[in-house]
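Subject: The model you asked about

Hi,

Here is the structure to open alongside this message. My notes on what turned up follow below it.

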Amino acid sequence: MTETLSLYKKIIRRISAEGLTDFLYIVAGRIDYPLNGFPRYGVDEFMKIVSKQVKSGDVVLDAGAGHCPYKELFNHACYQSCDYMPVLEEIGGNTKIAHTFFCDLEEIPREPFTYDAVVCNQVLEHVKHPGKVIAEFYR
């Protein structure tokens, strides 16, 4: 398992380093491959439904947004994204994505009640204190 995870991280770093991420998403779109692959197909479909419940002009935070795969679903809203630079660097993620800001999700550098909705997709299992993060989303 450790070898598989190590190989996965190497592949992700290489794709990012070679600047192939955007290219792969373009190709996936042209061949009607699910945006984030088949393992995330259900999540993608759920996000399509949820995004339609956000009102026009609402302020949405995509917390732990990674490569912002759901940004286009929120074109009708004021979309903001954040991620945590130490984690991106550790996993070899794309650190050049222009997120609105970077932070530890336990301390989001925004005033209380800034957001009408928070998207947090496949992130909580990676944080040290999920309860603190959820409390921070609520404030």
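To start with something you can look up on screen: in which loop does Q122 lie? Q122 sits in the loop between β4 and α5. Please keep in mind that this is a predicted model. Q122 is not a glycine, yet its phi is positive, at about 60 degrees. With a relative accessible area of 38%, Q122 is partly exposed. There is another residue of this kind: F113, also not a glycine, has a positive phi near 60 degrees. F113 is found in the loop between β3 (101-102) and β4, and at 70% relative accessibility it counts as exposed. For context, most residues other than glycine have a negative phi.

Next, the sheet. Four strands make up an open sheet, ordered β3-β2-β1-β4, with parallel pairing. β3 and β4 stand at the edges with a single partner strand each, so one side of each has no neighbour in the sheet. Strand β2 (residues 78-83) and β3 run parallel and are joined by two bridges. If you want to find one of these, C82 has F101 in β3 as its bridge partner.

The largest nonpolar core has twelve residues, among them C82, F101, V133 and F137. Two or more residues of this core come from each of β1 and α5, and β1 gives the most, with three. A63 belongs to this core as well. Leaving out residues up to four places away in sequence, A63 touches C82, L105, V118, V119, C120, N121, V123 and F137. There is also a second, separate core of eleven residues, which includes V54, V60, F74 and V119.

Then the charged side chains. The whole structure contains two salt bridges:

- E45 and K48 meet through their side chains at 3.0 Å, N to O. Both lie in helix α3, three residues apart, which is about one turn of the helix. E45 is partly exposed at 28% relative accessibility, and K48 is partly exposed at 37%.
- R139 and E136 meet at 2.9 Å, N to O. R139 is partly exposed, with a relative accessible area of 28%, whereas E136 counts as buried at 14% relative accessibility.

One more residue to look at is D58, in the loop between α3 (41-51) and β1 (59-63). Which side chain of opposite charge is nearest to D58, and how far away is it? It is K55, at 5.3 Å. A salt bridge needs the two charged groups within 4 Å, and D58, although buried, has none. Setting aside neighbours within four places in sequence, D58 is in contact with A77, C78 and D116.

Happy to go through any of this with you at the screen.

Best wishes

Notes: Residues are numbered from 1 along each chain as its sequence is written. This is a predicted model: local features need pLDDT of at least 70, side-chain atom pairs count only at pLDDT 80 or more; totals for chains, interfaces and linings use all residues. Side-chain values use heavy atoms; hydrogens and water are left out. Buried means under 20% relative accessible area, exposed over 50%, partly exposed in between (1.4 Å probe, protein chains only). Lys and Arg count as positive and Asp and Glu as negative; His and the chain ends are not counted. Contact means heavy atoms within 4.5 Å. A nonpolar core is a set of buried Ala, Val, Leu, Ile, Met, Phe, Trp, Tyr and Cys residues joined through side-chain atoms within 4.5 Å. Two strands pair if DSSP finds at least two bridges between them.
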